[in-house]
Protein chains: 2
Amino acid sequence: MTHKVRTIQFGSYQYDFWYGKHVISQLSSWFAKQDTMPSSFVLIADTGIPPRILEETSMELGRVGNVHVLRFEPGEEHKNLATVAQLCEQVIGLGADRRTVMVAVGGGVTGNIAGMVAGMLFRGLPLIHVPTTLMAASDSVLSLKQAVNLSSGKNLVGFYYAPRIVCVELGYITSLPVREIRAGLCEVVKNILTIAPEESERFKAIFRSDHHYHTSELGDIIDFCIRAKSTVMREDPFEKKSGLILEYGHTIGHALELASKGQYNHGESVAFGMLCAARIAEKLGLLSREAVNLHYELLNQIGAWIQPSQELLPAIEHILHSDNKRGYRQNRTGYTGMVLLQGLGQPAMQHESYITLVPNELIHEVMQEQIRLKQSVVS
Amino acid sequence: MTHKVRTIQFGSYQYDFWYGKHVISQLSSWFAKQDTMPSSFVLIADTGIPPRILEETSMELGRVGNVHVLRFEPGEEHKNLATVAQLCEQVIGLGADRRTVMVAVGGGVTGNIAGMVAGMLFRGLPLIHVPTTLMAASDSVLSLKQAVNLSSGKNLVGFYYAPRIVCVELGYITSLPVREIRAGLCEVVKNILTIAPEESERFKAIFRSDHHYHTSELGDIIDFCIRAKSTVMREDPFEKKSGLILEYGHTIGHALELASKGQYNHGESVAFGMLCAARIAEKLGLLSREAVNLHYELLNQIGAWIQPSQELLPAIEHILHSDNKRGYRQNRTGYTGMVLLQGLGQPAMQHESYITLVPNELIHEVMQEQIRLKQSVVS
């Protein structure tokens, strides 16, 4: 497939999104056409990124200027302000100036950490994303949100910052382990259910249980996410109003991800969160059985139906009550704010808010049922 | 004098600026008129702020909701990401949510630290500035720039963030020590020289060596700064183009401030920086002797003419070469980028840039002369 270029427009923020095979090799000629040349490049990657990817990217950018590589330890426990501060010091130590370009090579965590470093140094250095996971390529880089964790909660500190270019090398994505592809597809399913249900039939024909996709199929999937997310983020770049729909499945999802301490990845956790959200909406009379079934069908097809153990429930519920959506609406004791659907592609509204207050007992009941549900019942 | 309200418009950023006597007591009634009430307030102040000021502010905001106070150690050595991270953890520890309002009570450093905490928590909490120094009230809060230091340099990490309200209680300003008033007036003189030289006669009649000003005079001074800074920042909210004029005197000023390790405060250092910048511009044929003399005259009048010791020169020059304007223009060995005037109120342009490359020998020569200059020669 050829090299595709899309322009992302989220509010007043604009950036280029490139995807294709050998798209990395376009970077040097792009810089050659710019008015001001970068003084240097600093690649930020975690220590788990294959050396081959860093070498390819370094070699390409090396045609333009000096390239430095900084590494940090992967894992949520290092996604914090201390890591951001340390990288900032290191970048300056390398002699960076305002014309230094930061390059994030890796998954969503790397994109966020490098996004914060780039956003803060000299109050904003140019940033290029080279996402190496499907989750990063189809979801994280289609957001202006940058954040890291505090000891008291995930993603509690951050800001909004846009890259100049997103450069998705599809060859990196096709070679990913099945579980990582599946994790990315969970957010794709979220986009189908919440924004573009009319595309569900088309995707049912694409999704495969072995997750061996052709680069052109991955390109189609990414292009769909660009279109779907742009629909809401063009008008709501900060994801505070209609963009909150992108948080679908994330209230319970985040809590499960955290409670399971890494047993379930982000995609799997959000899949569980969406199934619970659908059943809650059904019980509240917002969503039809048919719509709920489409959730099961799509998530089943990509193999993302997980059954967390009963023992995780108390921890999930504890975390739910300190969710970082707290404060989007007035707190109400015994209730948790959630993003729900009132029909496929239609966010549920309660008192003009995209956050619906759901009784904690109902959440408990639905999570219990979901955990006990036999996969065969629905699939 | 009565309570004055101005609307600050820097690009698409807008906020209210209140100043006057007893203006703090307007806060609770302002909140009573808003659609959503804050869930709580967190005041951030350094340990040097008089308890009376914190009590007054807490009592007023206490009519609206719970008020917490967090303190940090004053001084440049604590103006870093570690302090920001610690305060973020503490704010969340107090149970803050998206409707928590952050209140910065103090000088410029407090405004920057609290600005970063407010800007990052939940990717942006509402912020109120209660500046307690003239420098903060007339300069720092009229900027969107937030920053803290890295070990390798001042203000190297930060971002842009706007408050909701600036609330200047003039009673707090009148009771400041003379040296603090004078420091603030140095930036006022900068605004006169760079933006509104036509106001110099009026200010010559206001400035007094004892620095005992009536609140109405302080109100006039602050109002002038609002108008002067708005002239450039309305179109350049990020201070990267025409707004760079606000960096006048800051290249050498910052270096002196740092090299002197606190012996000279920011205002005094910028005063020295402006005198050097004026003499450099004169030697480059950009500025008339008359214009240079107005620099001496105004700074003399407020008693801001300092004579740093000869021994500081090497340290100043070392710092100049790693100034955080590096990269605004292509580096050139043996030159330092500076903001200069080509006439009062007129930024010097070199190759369409507001940064003029000045030979390091010329900077050295002028600093030498300035240090040796007898104050009586000009005054």
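User: Which residue in E2(A) is the bridge partner of Arg6(A)?
Analyst: That's Phe17(A). Bear in mind this is a predicted model: local features need pLDDT of at least 70, side-chain atom pairs count only at pLDDT 80 or more, and totals for chains, interfaces and linings use all residues. Residues are numbered from 1 along each chain as its sequence is written, with chains lettered from A and ligands numbered from 1 in the order in which they are written.

User: Why are E1(A) and E2(A) said to pair?
Analyst: Pairing takes at least two bridges found by DSSP. E1(A) (residues 4-10) and E2(A) (residues 13-20) have seven, in the antiparallel sense, so they pair. Both names come from DSSP runs (strands, E, at least two residues; helices, H or I, at least four), numbered from the N terminus.

User: What about E2(A) and E9(A)?
Analyst: Five bridges join E2(A) to E9(A) (residues 165-169), and the two run parallel. Within E9(A), Val168(A) is the bridge partner of Tyr19(A).

User: Why is the crossing of H7(B) and H11(B) called left-handed?
Analyst: Left-handed means the near helix is turned anticlockwise from the far one by less than a right angle (clockwise is right-handed). The axes cross at roughly 35° and come within 7 Å, and the crossing is left-handed. Those axes are lines fitted to C-alpha atoms over the stretch in contact, with angles running from 0 to 180 degrees between N-to-C directions.

User: How many residues of chain B are in contact with chain A?
Analyst: 30, against 31 residues of chain A; contact means C-beta atoms, placed from the backbone, within 7 Å.

Methods
Two residues are in contact if their C-beta atoms, placed from the backbone, lie within 7 Å.
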